[in-house]
Amino acid sequence: MPKPITELIHHPYVPPSRFAAPQPGVYKASTVFFADVAAMRARDWKTKAGYTYGLHGTPTTFTLEERLASLEGGAECLLVPSGLAAIALVAFAFLKTGDEVLVPDNAYGPNKALCSGELANFGITHRLYDPMNPADLAAKLSERTRLVWVEAPGSVTMEFPDLPALVAACRARNVITALDNTWGAGLAFAPFDFNGSGEGVDISVHALTKYPSGGGDVLMGSVVTRDDRLHRALKLSHMRMGYGVGVGDVETLLRSLPSIGLRYQAHDNAARELARWLADRAEIAQVLHPALESSPGHANWLRLCGARDMAAGLFSVVFDDRYSAEQVDRFCDGLRLFRLGYSWGGPISLVVPYDIGLMREPNVSHWPHKGTLVRFSIGLEDVDDLRADLEQALAVL
Ligand SMILES: *Cc1c(COP(=O)(O)O)cnc(C)c1O
């Protein structure tokens with residue numbers, strides 16, 4: 001069996017007759033003609049049996065969907081205008097008034113904001129659970145729990161949970177599991193088949209904005225499933241909410257996707273090198289990178305991702321608490337190659353200081369550190385230049 005990245009690059013595509021180019025065509029359309037009234041009346045919006053309207057898919061969007069489904073080891077994929085829109089689509093497809101959704105305490109922040117905003121307005125409650133304690137999740141599952149979000153590792157604080165244990169707890173209660181798989185990108189582990197066990201999540205959501213784009217110039221998200229019943233529910237919500245994506249952006253993603261394996265590996269290698277270097281610095285109390293032994297959940301990362309030995313280009317550090325938040329701000333301002341900005345996955349290294357006190361629920365999961373946290377997203381610059389940049393900025397402390 002070829003590796004997934006080889007299959008991605010050789011993903012089947014049927015070109016127009018006598019034009020045997022490997023690159024898929026770019027089709028832009030709202031209207032799609034029907035041959036006659038009978039064909040129009042027999043239209044099927046919900047499957048890929050035919051084309052009905054640009055919003056419901058074109059050959060170009062279907063090609064990208066099929067490649068992403070293959071990459072993550074799923075069967076079906078839906079494209080949406082952003083990673084956050086993918087999270088929202090899952091919520092709207094499966095939650096109704098009276099339901100409860102469980103979210104890890106270290107979840108991607110805007111997911112929590114959606115829960116306490118629109119979902120609360122619709123009479124849907126949410127509870128936070130400790131991602132590092134599967135028993136806490138199991139205890140919080142109730143009759144009303146309809147959906148559980150999992151994330152590996154957690155956003156910003158990077159703890160790697162025991163994903164198979166979290167999923168098993170939900171499976172035992174027949175609750176849908178949705179993974180925010182932006183970090184893993186379909187490369188670090190197989191979200192629907194952990195280590196070939198056949199066990200995995202029900203839904204994998206991915207911010208294509210990050211590694212699949214790789215350029216920092218596209219916003220898009222995907223929702224991948226293996227289960228036809230779940231896919232159909234998602235597809236109906238997708239159509240009813242009018243979630244379309246620009247074909248120009250789809251073209252950009254089709255262009256960048258084949259190089260994702262190479263880029264991911266380069267981001268990963270450089271991030272590990274810099275994370276290890278920072279771990280030895282006296283200014284740094286803790287480096288949070290799941291591939292580092294000292295990082296919370298390292299053993300879970302090793303079990304899930306050890307065979308492929310992959311870990312994305314993202315890590316955080318906690319500064320020693322002798323440094324004030326203002327000093328750490330000055331460190332961030334002192335960086336020259338690392339730029340201040342959100343998102344990640346592009347060629348430019350980024351840095352963001354976070355106030356963890358505002359991000360965590362103290363009675364749900366314990367955050368042991370006092371110092372200020374800074375997250376780095378490692379780009380594709382030369383790693384020696386990045387290290388020199390960190391070193392000169394550390395000097396301002
Ligand atoms: C960036 C990100 C998202 C959202 O992606 P957008 O395309 O920016 O909306 C969702 N989850 C995680 C973990 C992310 O890092």
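I began with the ligand and found that the ligand sits in the largest pocket. I noted at once that this is a predicted model.

**Around the ligand**

Next I listed the neighbours. The residues around the ligand include S82, G83, L84 and Y108.

Which atoms of G83, L84 and W344 lie by an oxygen atom of the ligand? For G83 I found a backbone N or O atom, 2.8 Å from a ligand oxygen. L84 also uses a polar backbone atom, and an oxygen atom of the ligand is 2.9 Å from that atom. With W344 I had to look at the side chain: one of its polar atoms lies 3.4 Å from an oxygen atom of the ligand. Then I checked how much of the ligand is covered. Taken alone, the ligand exposes 380 Å², and the protein buries 88% of that.

**Cysteines**

How many disulfides does the structure hold? I counted zero. As a reminder to myself, a disulfide is a covalent bond between the sulfur atoms of two cysteines. I then looked up C170, which is in no disulfide. The nearest cysteine sulfur belongs to C115 and is 14 Å away.

Is C170 buried or exposed? I wrote down buried, because its relative accessible area is 0%. C77 is at 1% relative accessibility, so I marked C77 as buried.

Key: Residues numbered from 1 in each chain as written. Predicted model: local features only at pLDDT ≥ 70, side-chain atom pairs only at ≥ 80, totals over all residues. Heavy atoms only, no water. Near = heavy atom within 4 Å. Polar contact = N/O pair within 3.5 Å; in protein donor to acceptor, adjacent residues only side chain to side chain. Areas by Shrake-Rupley, 256 points an atom, 1.4 Å probe, with all protein chains shown as cover. 1 Å grid on protein atoms, 1.4 Å probe; cavity = no way out; pocket = protein on both sides within 12 Å on 5 of 7 lines; lining within 4 Å. Sits in = over half its atoms within 2 Å of the grid points. Disulfide = S-S within 2.5 Å. Buried < 20%, exposed > 50% of the residue type's maximum accessible area, 1.4 Å probe, protein only.
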